[in-house]
Each structure stands twice: as structure tokens, then as C-alpha cells.
Amino acid sequence: RRLGPARSVPLRLILHCGAIYAVFGFTFISYATFIVTTMVREYGFSQQAAGSFWSWVGFLSLFSGPLFGMLADRFSRRFALMAAFSVQTLAYLLAGLHLSEPFLYLSIGCFGLVAWAIPSIMAALSGDYAGADKAVSMFSAITLLFAAGQVAGPYLAGLIAERTGAFSGSYLLAACLTAAAVLLALALPRPGAR
């Protein structure tokens with residue numbers, strides 16, 4: 001039984017969505033990989049305290065999918081993506097500017113709040129653009145670019161930290177990329193438009 005019309009998706013649109021998803025992969029994994037190390041080395045947390053504090057990300061992430069799913073359904077996928085990447089940009093800026101501990105807590109809170117928002121929005125967006133029959137194919141294609149971002153992110157973040165002696169530059173790079181992703185999301189066409 002057909003669930004909806006299958007649509008041919010232009011390659012440029014797949015690459016556009018893939019670029020957005022690659023930014024998420026690059027920045028998300030970089031932050032998740034190095035924030036505990038940052039808390040220990042740069043803020044003086046004990047390993048146990050940093051790990052315990054990081055557990056708040058897991059708790060807050062429970063709300064990310066439903067909250068941003070609601071925004072995507074009520075307003076648009078584009079709006080929800082822009083909101084999620086804006087919150088991520090704030091999280092990375094707060095970590096990168098190396099301010100006092102309360103700002104680090106706010107950074108981690110922002111990160112947790114949007115932790116799983118973008119994958120669910122991108123899956124829904126694939127359905128909007130490709131139709132139910134081809135949604136999985138489109139989502140698989142953009143997930144390859146997401147995976148490439150995940151591979152490149154920690155490598156480049158580690159390289160920057162090695163050269164500079166701190167992770168601040170890595171977080172600031174992530175903030176620049178997620179700010180660019182806000183603009184990429186804004187430029188997405190409405191589903192059905194060509």
C-alpha cells in the first residue's frame with residue numbers, strides 16, 4: 001500500500017540537506033567528545049564531577065526530540081532547524097569563549113536541550129521532500145554526509161587543541177559552522193517547491 005506519492009529529489013537539494021546534517025555530525029560529536037576533557041583540564045573539575053555533570057545532558061536530551069518535533073509540526077521543519085542550530089551555536093560560543101563556570105553549565109544545558117532534535121527533523125524533512133516511498137533513500141544519502149562530519153569533527157577539533165593548547169578554538173569553529181547551518185536551513189525550499 002502506498003503511503004504517499006514518491007517524488008524525484010534534485011541532487012542539489014540532497015546535497016543541501018546533507019551539508020546541514022554534516023554540520024550537525026561535525027559539531028555534535030566534537031563537543032560530546034571533548035567537553036568532559038575541557039571541564040577537567042581547563043576548569044579544574046574532577047573526572048567524577050565532570051562525568052556526573054555531563055549526565056544532565058542525557059536527562060535534558062529526553063526533551064529535545066518532542067520539543068523540536070512540536071516546533072517542526074507547528075511552524076515548519078525549516079524553523080525548527082534554525083531554532084535548534086541557534087541554540088547549538090549559543091552552546092558552542094559559551095564553551096569557546098571560556099567564561100566562568102555558570103556559562104559552562106548553560107552551554108551544557110543548551111547542548112542537551114537540542115541533542116537529538118536535528119536527526120528527527122532531518123528524517124521528517126526527507127519524508128517531506130521525497131515522499132513516503134523514497135524518504136528512507138534520501139535519509140540514507142544525507143546520513144552518509146552526517147557520518148563524514150562525525151569522522152572529521154573530532155579529528156579537526158583535536159588538531160586545533162593540539163596546536164593551541166585548548167579546545168576553545170574547536171568550539172568557536174563549531175559555533176561558526178552551526179551559525180552557517182542556520183542560514184543553510186533558512187535557504188531550504190518549501191516542500192513541493194521547485
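Helices (H or I, at least four residues) and strands (E, at least two) are DSSP runs, numbered from the N terminus. Leu67 is found in helix α2. The model is a predicted one, in which local features need pLDDT of at least 70, side-chain atom pairs count only at pLDDT 80 or more, and totals for chains, interfaces and linings use all residues. Residues are numbered from 1 along each chain as its sequence is written, and side-chain values use heavy atoms, with hydrogens and water left out.

Leu67 is partly exposed, with a relative accessible area of 32%. The classes are buried (under 20% relative accessible area), exposed (over 50%) and partly exposed (in between), for a 1.4 Å probe and protein chains only. Leu67 belongs to a nonpolar surface patch of about 690 Å². Helix α2 gives the largest share of the patch, six residues. Patches are made of residues with over 30% relative accessible area and no salt bridge; like charges are joined within 9 Å, and nonpolar side chains (Val, Leu, Ile, Met, Phe, Trp, Tyr) within 5 Å. Accessible areas come from the Shrake-Rupley method with a 1.4 Å probe, and for residues only the protein chains shown count as cover.

The interior was examined next. In soluble globular proteins, nonpolar side chains tend to be buried together. A nonpolar core is a set of buried Ala, Val, Leu, Ile, Met, Phe, Trp, Tyr and Cys residues joined through side-chain atoms within 4.5 Å. The largest such core has 55 residues, and Cys17, Leu81, Phe85 and Met122 have the most contacts inside it. At least two residues of this core come from each of α1 (11–43), α2 (47–74), α3 (77–96), α4 (101–113), α5 (117–130), α6 (135–164) and α7. Helix α1 supplies the largest share, 14 residues. Contact here means heavy atoms within 4.5 Å. Leaving aside neighbours within four places in sequence, Met122 is in contact with Cys17, Ile20, Tyr21, Leu81, Phe139 and Ile142.

Ser107 is found in helix α4. Ser107 is buried, at a relative accessible area of 0%. Its side chain makes a polar contact with the side chain of Tyr31, at 2.7 Å. Beyond neighbours within four places in sequence, Ser107 is in contact with Tyr31, Ala91, Leu94 and Ala95. Ser170 lies in helix α7 (residues 168–186). Ser170 also counts as buried, at 7% relative accessibility. The side chain of Ser170 reaches the backbone oxygen of Ala157 at 2.9 Å. Neighbours within four places in sequence aside, Ser170 is in contact with Ala157, Ile160 and Ala161.

Charged pairs were then searched for. A salt bridge is a side-chain nitrogen of Lys or Arg within 4 Å of a carboxyl oxygen of Asp or Glu. The whole structure holds two salt bridges. Arg77 pairs with Asp73, the closest N and O atoms being 2.9 Å apart. Arg77 counts as buried at 19% relative accessibility, whereas Asp73 counts as exposed at 61%. Asp128 forms a salt bridge with Arg77, with the closest N and O atoms 2.7 Å apart. Asp128 lies in helix α5 and Arg77 in helix α3, so this pair ties together parts that are 51 residues apart in sequence. Asp128 is partly exposed, with a relative accessible area of 22%. Through shared partners, salt bridges join Asp73, Arg77 and Asp128 into one network.

Most residues other than glycine have a negative phi, and most peptide bonds are trans. His98 has a phi near 50 degrees, a positive value in a residue other than glycine. His98 lies in the loop between α3 and α4. His98 is partly exposed, with a relative accessible area of 35%.

Two C-alpha separations complete the description. Arg12, in helix α1, is exposed, with a relative accessible area of 61%. The C-alpha atoms of Arg12 and Pro66 are separated by 29 Å, and the two residues are 54 residues apart along the chain. Ser137 is found in helix α6 and counts as exposed at 52% relative accessibility. The C-alpha atoms of Ser137 and Ser126, eleven residues apart along the chain, are separated by 8.6 Å.

Technical notes: A polar contact is a pair of N or O atoms within 3.5 Å; within protein, one must be able to donate a hydrogen and the other to accept it, and residues adjacent in sequence count only if both atoms are side-chain atoms.
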